[in-house]
Amino acid sequence: MGLMRINKLIYKGNKYSFESKEFDKRIVLIEGDNGTGKSTFCNLIYFALGGEVPIFRKNNDKRHDEITSDSDNYVDLYLSLNDGDFLLRRYFGDNEITVIPYKRVVDRKYAEDGKTLVAENVKFLLSEDNAEIYSVNRSKDSVVFSDWILGKLDISVVELFHGYNTFKINISDLMRLIYHDQQPNPEGIYKKPDTNSTYVSDSELVRKAIFELLVGKAYSEYYDSIVEEKKLAREKVIAKEVVSEYTLLADKMRKNGEAKNVSFLQKEILEKEQQIEKLHEARLAFKRNRSGTNTINQDIESCKSDLIECELNLSRLKEVLVAALDERYKLSVVRSESASEIGRIEKVIFSHDQLNLFTSDTCPYCLSHVDRVEGHCVCGASIDEAQYERFFYTSKEYKDILKSKLKTLATIKTAYDDCDAEVQKTKAEIEQFEKKAMNLREKLKQMLDRVDEVVDIESLNDIDDKILQLREDVANLNRLLEIESKLERFQKDFDRISSRSKEAELKRKGLEIKAQQDVTSKVNAFSKKYNELMKDTLPDCRSAKINLENYLPSINDGLYRETSSLVSIRLMYFITLMHLALSDKTVMFPKFLLIDTPETAGIELEHLKNCISQLKKLESYGVDFQVVISTGLNKYPETLKDNRVLFMPDKKKEHMLLKEKSDSNNL
């Protein structure tokens, strides 16, 4: 099981800034009046963790005035993931997160007696040489920020199949049961998904997967097995198609229709080559026994030599044709797969906003801010201001997956056309050589008609014809042998993939049963604790549980209807997840909760305080965890007073979360 802990939050921009204290408590309380920045505080944490916050976008209908009007602004989040400490830096309008490992160093000063502590200074030493940059948005086969952080939390990156769509679980999906955001009507337990397209991301399949991945390791292995089974199933289909195509090709090449494997073909080729060798010996013996000389013999031999060369060229070209046809088929398969992949990409591609990280007032070498005189470059040279600014637009707009895939498809089509042209060219050459061979045979026949009757021309022609026929047979057998060899190899690949696919199917079925047993026990434990918490926070609650079908709450067997109860129903759900993680080591929930101002739906103050007081019970396990919660003024139990790390009593500038740079001394 993993542990995620927020240690410090910093916001910096050209206009506004904020720096929190170091969070050294398990329960971190943020108290503030309405509009002072409580939700902004929570959203900054979520944004740094790769989440999408619409009000932080300049083109959104509802915008956060301070953040969207600021420039060169970013958020730094110091956090611990299990045993590692990392700084996450994300610029606003950007879709990349920089990850920098750091070490916490404490400098202590003592009095002259060497025992009395006078001062203590905490420093975070960044290991910038080990910094890494990850994209927030996922592209094919790339490691994104979500993959990195889930790996640190020992949570598998699983892929779900929803009809024709595939969906990989990201950290922002799991945060839907970790980040208790502020909702005017908290009827839904899960935080709403970041994406506007909820067809896949907010389906029941995804919501169930989020719960299952957070409550048990068995489901991580189960979903991994589904991905492996689907992958092998696709490979099996492709391998079967290749075997079928080569089987059809081999059937067409067989003259008598009799199928022979590689071993029998090799024996047949060897036998025919031995026959050719014997015919050559017979031909030489025949020439030695001929009486007299004839001036036409040289012409005959030359013509035969040309004919043999022509037949050899025909044999070579037919081999080239088979290879070209094979290559054209492979390109056709790749072209079809690429076109299908483009179709899928076009269905799921999302657009994202970009932000220029550099401006005309930024040094291109050290990236520091430069007070540049208008009409002059950073170096001091006079420039045209309009022309000067044009070079600072971002290049991220060219990271378009679809264009890349279309270029790839165009390249494949070009290769296919080139290969097809080679096939047609080879066929034309074969036709030319066949005509040449026919002419040479006719010419040879005419020459032989003029030979002295003493010479046994008929016997010589018979030998030559047999040699040519055997050579043609050997060439055809070699081509068939090549096809059969490939077919045999492809059949072995298909058998191997089929075997692995069956093993993956059996493994998936076994893990499915194991996962169902595991989640059933976890649901029972969850319902037991949830029932206890709901009875402690709702006077009229007689029973509370979650359904095994969708993991959603059922209060009083579904009869409870009071609107104010929604706060308890949702908040206790999140707190129950924390109880489960602290009491069971097999639960993968990262023992971290982010709760934003839960006083909604008309809940009474005493009722709200009672709900929030349930957080103190988490400390009884003696296991490290962290809950970051923001509340209104005095809207929390007195027992959490010492846990308050940030107090914003009114909307005065000095008490607001984000402070203008001129007010930075008041931080």
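**Aromatic rings**

I looked up the ring cluster and found that ring pairs link Phe211, Phe526, Tyr530, Tyr551 and Tyr573. Rings of Phe, Tyr and Trp (its six-membered ring) pair if their centres lie within 6.5 Å; planes under 30 degrees apart count as stacked, over 60 as edge-to-face and the rest as tilted. By this rule I noted 20 aromatic pairs. One of them joins tyrosine 11 to phenylalanine 92, edge-to-face, with 5.7 Å centre to centre and 65 degrees between the planes. Tyrosine 11 belongs to strand β1 (residues 4–12), while phenylalanine 92 sits in the loop between β5 (84–91) and β6 (96–110), 81 residues apart. Tyrosine 11 is buried at 0% relative accessibility, and phenylalanine 92 is buried at 4%. Buried means under 20% relative accessible area, exposed over 50%, partly exposed in between (1.4 Å probe, protein chains only).

**Basis of the entries**

I record that the model is predicted: local features need pLDDT of at least 70, side-chain atom pairs count only at pLDDT 80 or more, and totals for chains, interfaces and linings use all residues. Residues are numbered from 1 along each chain as its sequence is written, and side-chain values use heavy atoms, with hydrogens and water left out.

**Charges over rings**

I next checked arginine 90, which lies over the face of phenylalanine 47 at 4.0 Å from the ring centre. Arginine 489 lies over the face of phenylalanine 490, at 5.2 Å from the ring centre. The rule asks for NZ of Lys or CZ of Arg within 6 Å of the ring centre and within 35 degrees of the ring normal.

**Sheet and helix**

I counted 14 helices and 17 strands in the chain; helices (H or I, at least four residues) and strands (E, at least two) are DSSP runs, numbered from the N terminus. An open sheet of 5 strands has the order β11-β14-β15-β3-β16, with parallel pairing. Its edge strands, β11 (179–180) and β16 (644–648), each pair on one side only. Two strands pair if DSSP finds at least two bridges between them; β3 (residues 27–32) and β16 are joined by 4. Glutamate 31 has phenylalanine 647 in β16 as its bridge partner.

**Serine 501**

I found serine 501 in helix α12 (residues 457–537). Is serine 501 buried or exposed? Serine 501 is buried, as its relative accessible area is 10%. Not counting residues up to four places away in sequence, serine 501 touches Leu232, Ala233 and Lys236, where contact means heavy atoms within 4.5 Å.
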